[in-house]
Amino acid sequence: DCIGLLSGSKTLTVVGGVEGVELAVIQIDITEGAVMEVRNLSASWFSLKRCILSQALLQCFDNNGFYAVDLSLDHLTVHHIPLQSIVKISSVNNGEVIVACTPTNTYIYRVALSEPPVLLLKLGKIEAVSSFLTTNGQNLLAVATSTSNIIVYDAVSGEQIFVGNIPEENLAPIKLISFIETSKEFEFVVVLEDCRLVYLVGSSNKLAREWIRHEALSTISSVEMVDLPLSEAQADIESEFASDDGTIMGSLIRRLRSQGEQFRRAFIGATNRIFSSSNFLPFNSKSFASWLASLRFSSKNTRKKDMSYERDYFNLRKIIVASTLKSVVYGIDSSDGTVLWYIYLGKNIKPLLGSLGSEKIPLFVQRTTAHYHFPPQATVVANDKRSEHAVLISFNPITGSLIERKSFPTSIKRVEILPYANARTHVCHLIILDENNKVTLYPENLDALEQHIPLHFFNFSISGDLEGFVLNVSRKQLSSTWKVKLSLRNEQKIVAVVPKPFYQKVHSAGRVLGNRSVLYKYVNPNLVAIAALDSVNSVLQIYLIDAVSGYIVYSGKQNKITGPIHLVHCENWLAYSYWNEKGRRMEVAVLELYEGLEQTDALHYNSLVHTVAAKVIALSQAYIFPQGVAALGVTETELGLSTRSVLVAMPFGSIYVISKRLLDARRPLEMTQELAEEMLLPYRPELPIASEDFINYNQSIHGIRGFKTSPSGLESTSLMLAYGTDLFFTQLTPSGTFDVLKDDFDHLLISIVLISLVIGSLVCKKLGKNNNLKQAWQ
């Protein structure tokens, strides 16, 4: 086993050996490749896992202590220091220091040439250590303790030079530390277990944070967009109209109080803006332009610092709450990407394992800001590494403050959120299933009305076994309702399962045909799309299954297809991408389901009642996409009125938007008059790539794994977050800004026209009065 290499000017030294037997040091001439010298040493303590090479000093340990061998000497000499219960030897890029760690203490030894190591310092438990050689030859050692302190010692004398506390809340264990010394201060770079990178500057035994990078955002597992709470004025208006006092005098008094309170807030806000420090900058700038620039910069910083967490008029600003696989939950301001807060869940947190083998820390928003009398609440669910039990952490998604941390004495098989809220607390309860299908609720108390609403669950395995369950909430009992086994071969595995989002809105129940009849959509909210891929024989099968009844609504098979497979399920259609081996190209297919010319139920869909038509009408069409596909998504608006667009993430870092009008399964090969009246486009096999449809322009977004879309207060605008190695947030208008004035709207012209009309009406009124007066005197 080779443990490391030492390079010289003309030689290369290879350090290795046989574990538990001997140590071998081989010196090689790098110009000729010949072996110059081989030195062997009997070493029962040698182990690849318990040895590190720091410059020319080999450090190993076993149950009897640690061993140090200076490889720069001609004769290999082993120095043994007896020390019990050594856990590890920390790697320090310093050939004169050995750092041995036990479960409770840390021992730092100084190593001199051909002399045994000498104990320099005995410290408590540390988390990381680093060394630095100054320009004047002073050897320094920085130690990060478990109490979030950074201490700098002289590596020769052991004298303490600097000590400071890291000014960070909710600090994770320190993984790595590196530092340098300047003329007046120390500069530290600290890497935490949750992938936070913190740059610190220390002087006079104080540490100040200069900047921080949250690298854990590249491992986002779940993400939600939370509306900001109502402002005090908006909440007062809601309270005013929600009052039970319906008398005229009571309404008048509430209106006067509300307007008085609005005037008070407006006056205080204007006063604070006028007398803020940004408006009283010292006139020490060299020019008036530089003074204006400093004024603008200062006012910008002041506005950002003092900006309240209140909902804007069009609800375009939201809090992006994201859980990561590194046990951190973030709250991000969607307006500028600022990390507002973060919660470190703990060192022993382990993600849940999904049915498809992917890790995930699920995030659920149990109470939104719509109920302004109650604080919002969100919960993440994970496992504990040591006990394998479930851990639930509830917090406020606006402020990041912790509400509750609760452990359950069981492991988690599945967790879901109820689609309705408690009538008293407005909290959506979580349903937790363990390996034995035992049901646990969080919170536990339910109203009587909630206990009588049946809930249906759907489970699957990658081999094709499907099963449906119904939950009796009052008894906390799960019963099997149906089982289906898909006819999959051994080579076929389920690669994707995509349900419809429960919050999705369908504005139109059908499509008006050219003959004025209506083709009704099959908008089953319980429909689940399943993709099964045979990677050996290159066969893809698509299933659409009703998760409540187990009825297979649609099944299709395509040959010469391979992955990657990406699906997006929306309304009555399914879009999926794949690689066509026969055509050697990427394709995007769309499948649409219709009930026909008669609708089963216009108000409420019931999976237990069959549709009117004997068979659901399925229409499909495939299109050539000239680029690769890394992820698919779809836009969301408040009412679903705008035309939806499909979001396509490309491997080279671009995000492309395809209108649903192009991905239409009813695009005809031959256009007729009736089809033209439906505004259908003729079928073309290629999807055109237009440069203006790249929404990230010239910014490359690498490693995109998924999209999160959310409606705004404007029906025309959808909010989109693309997450992966990079993050990208923007506003999309799939049907244009039909409910907002355009940026080039001529306000001056319309103002002149309105003012002219008002003046003209006043002049005409005056002339009419004079004319009537003259006629009266005649």
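**Figure 1. Strand 22 and its cover.** Buried means under 20% relative accessible area, exposed over 50%, and partly exposed in between, with a 1.4 Å probe and protein chains only. Strands (E, at least two residues) and helices (H or I, at least four) are DSSP runs, numbered from the N terminus. Both faces of strand 22 are covered. On one side sit Lys318, Ile320, Ala322 and Thr324; on the other, Ile319, Val321 and Ser323. The model is predicted: local features need pLDDT of at least 70, side-chain atom pairs count only at pLDDT 80 or more, and totals for chains, interfaces and linings use all residues. Residues are numbered from 1 along each chain as its sequence is written, and side-chain values use heavy atoms, with hydrogens and water left out.

**Figure 2. The neighbours of strand 22.** Strand 21 (residues 220–227) pairs with strand 22 in the antiparallel sense, over 7 bridges. Two strands pair if DSSP finds at least two bridges between them. Val226 has Ile319 of strand 22 as its bridge partner. Strand 23 (residues 328–333) also pairs antiparallel with strand 22, here over 5 bridges. Ala322 stands opposite Tyr330 of strand 23. The hairpin of strand 22 and strand 23 has 3 residues between the strands. Within this hairpin, Ser327 takes a positive phi near 65°.

Figure 3. Strand 41 (residues 527–534) and strand 42 (residues 539–546) run antiparallel, joined by 8 bridges. Ala531 has Ile542 in strand 42 as its bridge partner.

Figure 4. Strand 49 (residues 645–649) pairs with strand 50 in the antiparallel sense, over 5 bridges. Val646 has Ile658 of strand 50 as its bridge partner.

**Figure 5. The disulfide and other cysteines.** The structure holds 1 disulfide. A disulfide is counted when a pair of cysteine sulfur atoms lies within 2.5 Å. Cys51 is joined to Cys60, with an S to S distance of 2.0 Å. The torsion about their S-S bond is about 120°, so the disulfide is right-handed. Both Cys51 and Cys60 are buried. Cys101 is in no disulfide; its nearest cysteine sulfur, that of Cys60, is 15 Å away. Cys101 counts as buried because its relative accessibility is 5%. Cys428 is buried too, with a relative accessible area of 15%.

**Figure 6. The largest nonpolar core.** A nonpolar core is a set of buried Ala, Val, Leu, Ile, Met, Phe, Trp, Tyr and Cys residues joined through side-chain atoms within 4.5 Å. The largest such core has 35 residues. Ile150, Val152, Ile177, Phe188 and Leu200 touch the most other members. Strand 18 (residues 186–192) gives the most to this core, with 4 residues. Phe188 touches residues including Ala142, Phe162, Ser178, Phe179, Val198, Tyr199 and Leu207, not counting residues up to four places away in sequence. Contact means heavy atoms within 4.5 Å. Apart from this core lies another, of 22 residues, among them Cys570, Val588, Val646 and Phe694.

**Figure 7. The setting of the close-ups.** The protein is divided into domain 1 (1–89), domain 2 (125–214), domain 3 (218–242 + 309–409), domain 4 (414–485), domain 5 (489–601 + 612–745) and domain 6 (746–777). These bounds come from an automatic or database domain assignment. The centres of domain 5 and domain 6, taken over C-alpha atoms, are separated by 56 Å. The secondary structure comes to 5 helices and 53 strands. Along the principal axes, the C-alpha atoms fill a box of roughly 130 × 80 × 60 Å. Of the 778 residues in the protein, 44% are buried.
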